[in-house]
Amino acid sequence: MKLKALLAMAAVLLAAFLATGCGGEKAKETANNQTNGEKLKVGFVYIGPVNDAGWTQAHDEARQYLMAQLPYVDASDYVENVPENPTDAERVITQLVEQGNKIIFTTSFGYMDPTIKVAKKYPDVTFLHCSGYQTAPNVGAYFGRMYQVRYLSGLVAGKATKSNLIGYVAAMPIPEVIRGINAFTLGVQKVNPEAKVKVVWTNTWVDPAIEKDAAKALLDEGADVIAQHQDSASPQQAAEEAGKLGIGYNSDMGKIAPKATMTSPVWNWGPYYVDTVKAIKEGTWKSTPTAGSLTYWGGIKEGIVGLAPYRPMVPEDVKQLVEKEQQRIVSGEWDVFNGPIKDQSGAIKVTAGQSLSDDEKLNMNWFVQGVIGSPK
Amino acid sequence: MIKLPGTNLLIEKKLSPDPAAFFVVPVISILLALLVGAFSLALSGRDYQQIYATMFSGAFGSTYGLSETIVKTIPLTITSLGIALAFRMQLWNIGGEGQIYMGAFAATWAALFFPVGTGWWTMPCMILLGMLAGGLWALLTAIPRAIWGVNEIITTLMMNYVAIFWVNYLVYGPWKDPQGYNFPLTATFPPEAILPTLGVSRIHFGLFLGLLLTVLMYAVVQHTRWGYEIKVTGESVSAARYAGINSKRNILLVMFFSGAICGLTGMTEVSGIAYRLQPGLSTGYGFTAIIIAWLARLNPFAIVLVSFLFGGLQVGGYIVQTSGIPSSMVTMLQGLLLFFVLGGELLTYYKISKAPASSGQDT
């Protein structure tokens with residue numbers, strides 16, 4: 001009996017709670033619409049949480065940079081943790097359009113189909129999809145040449161390893177990740193031909209527990225440097241706990257595992273986002289592919305990718321070597337996948353004097369010599 | 001009867017739950033969940049009224065939102081119907097997720113790799129093969145259950161992972177689209193393999209299949225001898241045996257159809273939404289369906305309603321993010337709703353009363 005009375009009271013309380021101030025809501029909405037009215041609305045779709053210290057955070061920092069740089073842009077609409085399945089992603093993108101966003105950045109590979117589908121329905125909205133291969137008149141595909149920085153970080157790792165075994169915690173066997181592992185290994189072997197890179201697939205972009213377990217398994221097998229293509233810093237933490245070293249990814253993971261992480265290949269999307277939004281507003285932007293299937297594929301030279309600050313354990317001579325190699329890449333004289341390159345079986349894949357085309361780089365599904373593991 | 005330690009309160013199972021409680025308790029539970037949610041939103045300095053209003057209107061208040069809620073309702077309804085069929089016989093099919101993937105796999109085979117190509121037969125073949133694959137996948141766990149009494153909770157659960165990895169193997173390997181830059185996707189389906197949609201919305205023919213299945217399920221369960229057998233076996237195996245019901249046969253049949261219906265979800269998702277096979281096809285529909293079937297008390301019509309509400313909850317959840325709510329807060333709200341509604345179940349079936357002073361040592 002008492003319980004029923006309690007429940008009834010709760011219901012009345014709730015009704016009163018919800019009823020108070022219902023009038024305020026309409027006024028607020030119209031006020032919002034007015035302030036947003038004149039601005040160009042730009043929306044973002046994220047795979048992870050904005051504070052993941054990795055992939056999504058890098059995009060979100062760029063979103064804030066975009067707002068700070070271009071006063072006429074309102075980029076306050078973003079949706080995080082959107083799964084890469086067709087049902088949810090397509091709806092989230094459509095809703096961003098319906099909420100008045102004129103430019104929409106979809107920042108994970110799995111949003112490709114949904115982005116293309118929604119773009120067909122809204123020809124006056126411009127979409128930018130990160131890391132895919134499809135374009136349309138109002139859909140651009142963009143990415144960064146992370147492999148260049150992976151190569152540089154490989155030099156650091158190759159110099160640091162004593163056991164000559166480097167562990168690489170990798171998300172999914174798709175060309176982007178395979179390309180990164182290959183570039184990293186080419187860097188390692190350039191300075192240390194004895195060293196091998198052992199790859200473990202987690203089949204997830206972000207899952208701190210699984211990433212950490214994978215790193216621990218690699219450490220148990222004798223790896224003394226842990227590199228990663230994962231969104232969380234937990235592989236670096238595993239390395240730190242084991243008293244070993246690491247190479248982070250996405251953002252400066254040395255902030256999280258300062259004793260382990262020597263440096264991290266990082267993304268810097270901000271300048272590209274600003275340039276692209278400007279170009280779209282001025283009507284000069286085109287989605288035509290310029291590099292393989294991509295509308296935009298910037299590298300170290302464009303500043304979209306780079307190395308995070310070194311931690312003190314990286315010796316001066318290594319820093320100088322990296323600097324020298326970076327100059328070769330920036331000058332365009334050399335770009336990582338220049339022959340001779342052998343595959344895992346030892347067969348020549350790229351002959352001396354040749355180099356892979358952008359299309360071949362984007363399609364990569366084989367490992368270079370020195371990688372232990374299967375690209376599948 | 002359980003005495004709460006340190007109090008003089010008793011929890012007792014009700015002999016016959018009050019019919020009104022079936023409706024009143026969930027409603028009060030939802031209101032309480034919203035109340036607690038409102039307090040935590042208010043504590044973090046957010047306008048809970050606007051958030052609730054946005055969530056509700058996002059899911060039900062516009063044609064687009066409503067259509068998307070229905071899109072979400074389709075897989076939830078079909079899967080829950082399949083799960084509920086097994087639950088009615090107290091067969092705990094936790095393998096809906098895997099059966100969905102197997103259905104999607106077989107339907108994709110019929111769409112892309114059928115020996116005689118595509119034509120008028122493509123769609124019927126996709127439906128039949130999708131259901132057959134889901135059914136056979138479930139049957140694999142039903143056989144050991146029927147013969148040796150192997151616990152189906154464990155086996156159906158484990159089979160989920162096998163099915164998901166099988167689909168991953170195909171899309172990362174032999175079924176990868178040759179034009180797909182080595183990404184884990186099959187080629188897009190030909191037009192014959194794509195379910196028609198309602199106008200410009202994404203509501204596809206699966207809605208019709210789901211509703212048809214709902215009526216069919218009601219008819220079979222309530223008005224056939226087989227339906228009666230399932231119910232009796234579910235309530236008491238010994239009574240069923242006494243009545244001469246072949247429960248082994250029924251375990252096999254019920255699990256097969258339960259899996260087949262879940263397989264249909266896989267088919268409608270690839271054919272009505274994704275237009276290709278890919279990893280992450282189902283966002284845990286097979287698991288959400290367990291909660292839905294339970295909340296709906298296995299009643300087919302209630303399943304449609306509860307699926308619709310769950311669909312709305314998921315659709316509304318993403319909408320409020322653009323009003324500045326982090327997704328973790330949305331997950332918390334969804335969790336609160338589930339917690340209170342499931343907790344409310346306790347009040348439907350159990351009553352709490354003051355222990356008489358003399359029965360202090362009762363257990």
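In what order do the six strands of the open sheet in chain A stand? In this predicted model, for which local features need pLDDT of at least 70, side-chain atom pairs count only at pLDDT 80 or more, and totals for chains, interfaces and linings use all residues, the order is S10-S9-S8-S6-S7-S16, with parallel pairing. Residues are numbered from 1 along each chain as its sequence is written, while chains are lettered from A and ligands numbered from 1 in the order in which they are written. Strands (E, at least two residues) and helices (H or I, at least four) are DSSP runs numbered from the N terminus, and two strands pair if DSSP finds at least two bridges between them. Strand S6 (residues 165-170) of chain A pairs with strand S8 (residues 225-229) of chain A in the parallel sense over five bridges, and A:Ala170 stands opposite A:His229 in S8(A).

The contact between the chains, in which two residues count if their C-beta atoms, placed from the backbone, lie within 7 Å, takes 40 residues from chain A and 33 residues from chain B. On the side of chain A that touches chain B, two or more residues come from each of helix H1 (2-19), helix H2 (24-37), strand S2 (73-79) and helix H4 (86-98) of chain A, and H4(A) gives the most, with eight residues.
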